[in-house]
Amino acid sequence: MNAIYLLADAPDLIAAGLLRRCHEESITAAGWSVRKLTRLVFVAGQVALQQNVHLECIERHWKEQHHQRQQQQQQQQQKTGDLDQVTGTAEDDFAEMIRMVREAELLYSEDGMLRPYLHLTLDILRTPTTAHQSAQLQRTAALALGKMMSVSGRCCQDGLQTLLEAMQG
């Protein structure tokens, strides 16, 4: 997963395809394969974590480029303090857009890449360990939820109680 996010031009598209394939493979004629379901939940958690890092890198790169352009413009034009206010607003707007992607798009929008896996992970953690659910699946789901919670404050609020209960039980 790390290599995909480091080397690919569109790692989110590759990760979404990987998640779909893992999802399809985890469903058998008899229902869910616990081993493959564990892998799916693990991959979903890793994608959440890597997507978060990827968005932070995009934001940092954009701010660096924006700062370089701002310095070049200041050197060439010798503008007053109005430019600083406009620049701050542009950086704030971009940071807000990235925050909205994290908060709304990845985990909670109807077509969000991680939305179905967040709900699956929460369902696994809310269901006590039984014959069809292994302790390994529960642990993997707890780790995946923790990674998803790092993406979004809303996810953290929604999943914290479930995570704590799963860790206690």
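## No disulfides here

A search of the whole structure turns up zero disulfides, a disulfide being a pair of cysteine sulfur atoms within 2.5 Å. In general terms, a disulfide is a covalent bond between the sulfur atoms of two cysteines. Before going on, note that this is a predicted model, where local features need pLDDT of at least 70 and side-chain atom pairs count only at pLDDT 80 or more, while totals for chains, interfaces and linings use all residues. Residues are numbered from 1 along each chain as its sequence is written, and side-chain values use heavy atoms, with hydrogens and water left out.

Let's look at two of the cysteines. The closest cysteine sulfur to that of Cys155 belongs to Cys156, and at 7.3 Å it is too far for a bond. Cys155 counts as buried because its relative accessibility is 1%, and Cys57 counts as partly exposed because its value is 32%. Here buried means under 20% relative accessible area, exposed means over 50%, and partly exposed lies in between (1.4 Å probe, protein chains only).

## The overall picture

The chain has seven helices and two strands. Read from the N terminus, the order is α-α-β-β-α-α-α-α-α. These elements are DSSP runs numbered from the N terminus: helices are H or I with at least four residues, and strands are E with at least two.

Of the 169 residues in the chain, 38% are buried. The chain exposes about 10200 Å², and carbon and sulfur atoms supply 53% of that; such areas come from the Shrake-Rupley method with a 1.4 Å probe, and for residues only the protein chains shown count as cover. Now take the contacts (heavy atoms within 4.5 Å). Among those between residues at least 6 apart in sequence, 62% join residues at least 24 apart.

Start with Gln51, which is found in helix 3 (residues 34–77). Is Gln51 buried or exposed? Gln51 counts as buried, because its relative accessibility is 4%. Leaving out residues up to four places away in sequence, Gln51 touches Tyr5, Asp12, Leu106 and Met113.

Next, Asp92 sits in helix 4 (residues 82–106) and is exposed, with a relative accessible area of 55%. Asp92 and Lys63 are 29 residues apart in sequence, and their C-alpha atoms are 9.9 Å apart in space. Lastly, Ser109 lies in the loop between helix 4 and helix 5. Ser109 is buried, with a relative accessible area of 14%, and it touches Ala104 and Arg115, again not counting residues up to four places away in sequence.

Helix 6 (residues 135–149) has 15 residues, and at 1.5 Å a residue it should span 21 Å; its end C-alpha atoms are 21 Å apart, which agrees. The expected span is 1.5 Å times one less than the number of residues. Buried residues in helix 6 include Leu137, Gln138, Leu145 and Met149.

The largest pocket holds about 210 Å³ of space. A pocket is an open set of points on a 1 Å grid over the protein atoms alone, where a 1.4 Å probe fits, with protein on both sides within 12 Å along at least five of seven lines; lining residues have an atom within 4 Å of a point. Eleven residues line the largest pocket, and Leu125, Gln138, Ala166, Met167 and Gly169 lie nearest its centre. Helix 5 (115–126), helix 6 and helix 7 (153–168) are the elements that give two or more residues to this lining. Which helix gives the most to the lining of the largest pocket? Helix 6 does, with three residues.

Key:
Grid points are joined across faces, edges and corners, and a volume is the space filled by probe spheres set on the points.
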